[in-house]
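Hi,

Have it open while you read.

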Amino acid sequence: MKIAVLPGDGIGTEIVAEALKVLKALELDLTLETALVGGAAFEAHGHPLPGSTLKLAMESDAVLFGAVGDWKYDKLDRPLRPEQAILGLRKNMGLFANFRPAICYKQLTDASSLKPELVAGLDILIIRELTGDIYFGQPRGRRIATDGHFPGSEEAFDTMRYSRPEIERIAHVAFQAAQKRDKRVTSVDKANVLETFQLWKDVVSEIGLQYPDVALDHMYVDNAAMQLVKAPKKFDVVVTGNMFGDILSDAAAMLTGSIGMLPSASLNAKNQGLYEPSHGSAPDIAGKGVANPLATILSAAMMLRFSLNQPEAAARIERAVDAVLNQGLRTPDIYSDGTTKVGTREMGDAVVKALD
Ligand code: IPM
Ligand code: MG
């Protein structure tokens with residue numbers, strides 16, 4: 001089995017190094033090949049997603065991804081910015097199904113910005129459609145307006161669109177995920193305003209008929225944002241479009257105390273996947289050895305489970321993470337009084353040591 005390792009920028013290289021330590025300690029039969037992506041690739045090859053990196057990713061069973069981006073690239077033309085690398089990988093590999101679990105570890109209840117009783121035991125799964133919607137919809141661009149409120153002035157526009165098959169396939173993913181959990185799906189839309197999300201709602205309802213064992217409800221996105229911070233434990237699986245999923249998954253992440261704990265998986269129809277922490281490249285703390293590697297380590301566990309069919313190895317990693325939290329080890333983002341503050345490398349070493 002071949003894994004493309006794309007550490008990227010900022011803290012990406014530090015946290016991926018720890019995940020690799022853990023993977024190597026498992027002594028599985030894996031071929032790991034590293035390549036540049038994001039700003040690092042732009043510096044070396046003039047493009048955030050060089051052809052060689054994309055080729056490696058497409059030919060691998062899975063991609064272990066760190067993070068991309070730095071403020072210093074914000075002034076580049078859009079196609080050259082680091083974020084285009086992740087969007088290009090999603091699009092070219094057809095990674096339409098994004099899994100973003102938000103789990104509040106019992107050891108970290110106090111790190112949440114919400115009251116402990118609201119988040120203790122929280123375990124929700126956000127399933128975000130990842131290759132459609134306003135992120136990829138054409139046409140888009142800038143032009144001089146010929147109508148609207150200010151004809152003759154400069155305007156910019158993007159296109160929100162979803163086709164029936166795009167909605168059908170992500171709905172199936174959500175219902176099947178729910179069957180393995182608490183058997184509840186909340187589909188988040190904005191059908192009260194947008195045609196795109198009226199179709200979304202209609203199609204998800206139709207697909208839901210094929211899953212009579214799963215309870216389906218629908219929620220407008222503004223209400224979903226409110227419910228996430230009011231009573232997050234009411235959710236089981238949340239399925240939504242690309243844009244709403246981007247926003248709601250960050251909100252859900254914060255409920256758990258730290259985005260530094262949350263892994264993610266993005267899968268295509270062949271179960272090829274890209275695995276990355278839910279957080280970004282955090283240039284402000286890059287190189288300081290303080291970043292939390294657990295989200296990336298847990299992403300490696302998701303990779304073993306979803307793309308490499310190694311559920312037992314995945315469970316070993318997850319148990320080791322639980323063990324280091326029980327030992328009281330904390331990177332600064334999850335530190336609280338009475339626990340032991342450690343750096344990125346110490347945390348990675350501790351996980352390796354805790355593998356049973
Ligand atoms: C995410 C990120 C990306 C997105 C950016 C970096 C393009 O915010 O994975 O949630 O908007 O999808
Ligand atoms: Mg985001």
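Met58 counts as partly exposed at 40% relative accessibility (buried is under 20% relative accessible area, exposed over 50%, partly exposed in between, with a 1.4 Å probe and protein chains only). Met58 sits in helix H3, residues 51–59 (helices are DSSP runs of H or I with at least four residues, strands are runs of E with at least two, and both are numbered from the N terminus). Leaving aside neighbours within four places in sequence, Met58 is in contact with Asn92, Met93 and Gln272 (contact means heavy atoms within 4.5 Å). Its C-alpha is 8.6 Å from that of Leu89, 31 residues apart along the chain.

Some housekeeping: this is a predicted model, where local features need pLDDT of at least 70 and side-chain atom pairs count only at pLDDT 80 or more, while totals for chains, interfaces and linings use all residues. Residues are numbered from 1 along each chain as its sequence is written, chains are lettered from A and ligands numbered from 1 in the order in which they are written, and side-chain values use heavy atoms, with hydrogens and water left out.

Now the domains. The protein is divided into domain 1 (1–96 + 268–356) and domain 2 (97–260), with bounds that come from an automatic or database domain assignment. Their C-alpha centres lie 23 Å apart. Between them about 1,900 Å² is buried, 62% of it from carbon and sulfur atoms (buried area is the accessible area, 1.4 Å probe, that two parts lose on being put together, summed over both). Arg90, Phe96 and Ser278 supply 36% of what domain 1 buries against domain 2, more than any other three residues. In terms of contacts, 22 residues of domain 1 meet 22 residues of domain 2. The count of salt bridges between the two domains is one (a side-chain nitrogen of Lys or Arg within 4 Å of a carboxyl oxygen of Asp or Glu).

How many salt bridges are there by this rule? The count comes to 20. Here are some of them:

- Glu276 pairs with Arg90, with the closest N and O atoms 3.6 Å apart. This pair links distant parts of the chain, with Glu276 in strand S12 (residues 273–277) and Arg90 in helix H4 (residues 83–93), 186 residues apart. Glu276 is buried at 7% relative accessible area, and Arg90 is buried at 8%.
- Asp322 and Lys106 meet at 3.9 Å, N to O.
- Asp182 and Arg184 meet at 3.1 Å, N to O. Asp182 is partly exposed at 47%, and Arg184 is partly exposed at 30%.
- Glu312 and Arg319 meet at 3.1 Å, N to O. Glu312, Arg316, Arg319 and Asp356 are linked in a network of salt bridges.

On to the helices. Helix H7 (residues 195–208) has 14 residues and should span 20 Å at 1.5 Å a residue, which agrees with the 20 Å between its end C-alpha atoms (the expected span is 1.5 Å times one less than the number of residues). The buried residues of H7 are Thr196, Phe197, Trp200, Val203, Val204, Ile207 and Gly208. Seen down the axis, they fall within an arc of 140°, so they line one face of the helix (the arc is that of the directions from the helix axis to the C-beta atoms). Their cover includes strand S5 (123–129), helix H6 (164–179) and helix H9 (242–255).

Helix H11 (residues 311–326) reaches 22 Å from its first C-alpha to its last, close to the 22 Å expected. Its buried residues include Ala313, Ile317, Val321 and Leu325. Helix H1 (12–25) and helix H12 (344–354) are among the elements that cover them.

Most residues other than glycine have a negative phi, and most peptide bonds are trans. Asp133, which is not a glycine, has a positive phi of about 70°; Asp133 lies in the loop between S5 and S6 and is buried at 1% relative accessible area. Lys183 has a positive phi near 60°, in the loop between H6 and S8, and is partly exposed at 34%. The peptide bond from Gln138 to Pro139 is cis, with omega near 0°, and Pro139 lies in the loop between S5 and strand S6 (141–144).

Cheers
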